[in-house]
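I opened this structure for a first look. These are my notes, in the order I took them.

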Amino acid sequence: MTQDRRDFLRMIAAAAAAGLPLARAEAAAAAGDGRFYDVPRFGNVSLLHFTDCHAQLSPLWFREPNVNLGVGVGRNRAPHLVGEVLLEAFGIRPGTREAYAFTSLDFSRAARSFGKVGGFAHLATLVKRLRASRPASLLLDGGDTWQGSATALWSRGQDMIEATRLLGVDIMTAHWEFTYGQDRVKEIVEKELAGKTEFLAQNIETRDFGDPVFKAWTMRELGGVPVAVIGQAFPYSPIANPRYLMADWTFGIQEERLQKYVDEARAKGAAVVVLLSHNGMDVDLKLAARVRGIDVILGGHTHDGVPKALEISNAGGKTVVTNAGSNGKFLAVMDLEVKGARMTGYRYKLLPVFSRLLPADRDMQQLIVRNRAPHAAKLSEKLAVTEGLLYRRGNFNGTFDQVMLDALMTVKGADLAFSPGFRWGTSILPGEAITFEHVMDQTAITYPYTTLTEMSGETIKNVLEDVCDNLFNPDPYYQQGGDMVRVGGMTYACEPGAKMGARISDLRLKGEPIAASKLYKVAGWAPVAEGAQGEPAWDILSQYLRDKKTLAPPRLNLPRLIGVEGNAGIAP
Amino acid sequence: MNGNEERRKVIKAGGGIGLLGLLAAAGLLPAGEALAQQQWNSGAFGARNLADAVKALGGTPPAENKAIQITAPDIAENGLVVPVSVTSNIPKTESIAILVEKNPNLLSAVFEIPNGTDPFVSTRVKLAESTDVYALVKADGKYYFLKKEIKVTLGGCGG
């Protein structure tokens, strides 16, 4: 090899490390960047949809999962496709910016090439552009909007309410919103959103007399077309989150009530019926096969960035089902053609929000900066530098969760630790500083208490079985969304396709089998029981990181999986 | 039909101590009488499965019937008070019972459906663990059922 060639290679390596786009596919993609958001108009009515932004107002990194297993009817079907299989299924070329947005493939390098995603100022620019070319449109927010950041938690959702009002959200439904407590939610809906954003939930009623708590559905005239939108809040909010925060309300899927509202909307002349749903995609796919008369389900909760809409047949015809990812990373565009008072066609595109390709909207940027300013110093405190990629998503564990588990075990002196399988939380690239804001992105909830409990081996197994069934019950109506509880210090085997009670086996602590009757010290956080106390998770995590200063790549504790050969929901 | 006859019919359809206790607690049956009536049908109370319960009630083995409708949560929000409603679209429905497979007392409630009333009942049952819940309908002297799984979970970890 000549001296020149060696120098050239060194230079390329340095350029790659500095984040310059080099791959041929990436270069080719970059050439078309200017037209990336030119989405040709179709039909006469448009729905813009985002969901599960988790209060992320600034551009961020977000790594999609490489493990998202489907079981039963969901096996090897969207949304349970990851990596190259996902690219192939949706006709996305590897190495492109779309591949970066929809998969975890080569994430750290692709992230440096294509830059951050999301950010409300960039999202606002995109919304404005699309609405300018689509006068007959609605902007729909699927919920999980008021929770997920420090500033949202400290203002009890207020910064997000101001941001979504400015963004021009017409209609929303909810899930984590309820964790601010039922009084706060009512206060916001009645005082802050009135006249601006309709808050819809057909599946919430009072526990005592069964009265509706929120408006179930609304009719909007869009370019002369009557469009009905029905709201579906997360059906299992009082189970997945603390019930005491929404004590007077009862939820559930409420299929029959939904059918009644669909029929009512049709009877009142709706040409299009839309369900704005926080069910989760597997639940929506089942529901679409059972409820008649819904044209489109715009879904969220499971954070599935599914590039195309799925068509589901039912007794009344067909229903189109989508899921629009999370963290402000995507904006969905559903263009509908409505003729003779019915939907005759559609075009769907899930647009990744690439912050570099969209200039920040000035008004939104100002609002974000203004609301963040009083907290800026605290939020930007650098706690440590990470050597590895930190992320949360994945069915069984994420590197950021592993850090949380390690912190819990170290600080609490526990034998093992549990951390909830939340699907929100931003990613951090190797070499970046971990700030207090990043820590809050992982922990900002209204019940952040850390706990140390003595549990018998039998209880430990029961907890794992219980959570695992919420994830892998073959009937989607018995799933709650979220991922498997993260486990630190203890190894185990998991067979997702087995029955409840038989999925978890071979539980071991430092190689020794867990004994059913022996007691173990288990650290955890985010308890749903009323009256729980303990130091907030962000303090434990911050303390751990400050002590570390430099964080080596976490060693991911993953269960040994049984019976997942040939499952397209797992990739290296 | 006088009050006593009606009461007796309820007891015949139900028969369990659980039911009698419930009726007494609800003031529908004087406590003393509830105790006196316990001998009436201990078989139904002791039954460990639906077929045995129906047999003890003097009925033929029940047949699954989709004309029965159970409205209940798929996952209970609170296992201590789980709302369960049953509608029967079977002609000549005489009574509706709600049974919980994994409860120590199988039988949770029995409702008489007088002629000319809507065969719709609603109550709350207590569940300690995930279980099948049965709606048992007696219509024109025959028994029919429909079952639904209700999951009871530890909660948390969603989202």
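I began with a rule for touching: two residues are in contact if their C-beta atoms, placed from the backbone, lie within 7 Å. Helices (H or I, at least four residues) and strands (E, at least two) are DSSP runs, numbered from the N terminus.

I noted the ground rules next. This is a predicted model, where local features need pLDDT of at least 70, side-chain atom pairs count only at pLDDT 80 or more, and totals for chains, interfaces and linings use all residues. Residues are numbered from 1 along each chain as its sequence is written, while chains are lettered from A and ligands numbered from 1 in the order in which they are written.

**Entry: helices α15 and α18 of chain A**

I looked up which residues meet here. Met404(A), Ala407(A), Leu408(A), Thr410(A) and Val411(A) belong to α15(A). They meet Ile540(A), Leu541(A), Gln543(A) and Tyr544(A) of α18(A). I sorted them by class: Ala, Val, Leu, Ile, Met, Phe, Trp, Tyr, Cys and Pro count as nonpolar, Asp, Glu, Lys and Arg as charged, and the others, Gly among them, as polar. The contact of α15(A) with α18(A) has 7 nonpolar residues, 2 polar and no charged.

For the geometry, axes are lines fitted to C-alpha atoms, for helices over the stretch in contact, and angles run from 0 to 180 degrees between N-to-C directions. Helix α15 (residues 399-412) and helix α18 (residues 537-548) of chain A pack at about 90 degrees, with axes 9 Å apart. That makes α15(A) roughly perpendicular to α18(A). The scale I used: under 35 degrees is roughly parallel, over 145 roughly antiparallel, 65 to 115 roughly perpendicular, and the rest oblique.

**Entry: helices α6 and α13 of chain A**

I then took helix α6 (residues 120-133) and helix α13 (residues 362-372) of chain A. Their angle is about 160 degrees and their axes are 8 Å apart. α6(A) and α13(A) are therefore roughly antiparallel to each other. From α6(A), Phe120(A), Ala121(A) and Ala124(A) make the contact; from α13(A), Met364(A), Gln365(A) and Ile368(A) do. By class, that contact of α6(A) with α13(A) holds 5 nonpolar residues, 1 polar and no charged.

**Entry: chain A as a whole**

I counted elements: chain A has 18 helices and 25 strands. How does its radius of gyration compare with that of a compact globule? The radius is taken over C-alpha atoms, and the globule rule is 2.2 Å times the number of residues to the power 0.38. For 572 residues the rule gives a value near 25 Å; chain A has 23 Å, which agrees. Its C-alpha atoms fill a box of roughly 70 × 65 × 50 Å along the principal axes. Among contacts in chain A with a separation of 6 or more, 77% are between residues 24 or more positions apart.

I needed a burial rule too. A residue is buried if 20 or more other C-beta atoms lie within 10 Å of its own, exposed if 12 or fewer, and partly exposed in between, with C-beta atoms placed from the backbone. Of the 572 residues of chain A, 56% count as buried.

I checked the loop between β1 (45-50) and α3 (83-89), where Pro79(A) is found. A cis peptide bond joins Ala78(A) and Pro79(A), with omega about 10 degrees. Asp52(A) lies in the loop between β1 and α3 as well. Asp52(A) is not a glycine, yet its phi is positive, about 55 degrees. Is Asp52(A) buried or exposed? Asp52(A) is buried, with 31 other C-beta atoms within 10 Å.

Asn327(A) sits in the loop between β12 (317-323) and β13 (330-339). Its phi is also positive, near 60 degrees. Asn327(A) is buried, with 28 other C-beta atoms within 10 Å.

Ala493(A) is in strand β20 (residues 490-494). Ala493(A) is partly exposed, with 14 other C-beta atoms within 10 Å. Ser505(A) is 12 residues away along the chain, but the two C-alpha atoms are 5.1 Å apart.

I found 5 helices and 8 strands in chain B. Of its 159 residues, 43% count as buried. Val110(B), in strand β5 (residues 107-112), counts as buried with 27 C-beta neighbours inside 10 Å.

Last, I looked between the chains. 14 residues of chain B are in contact with 29 residues of chain A.
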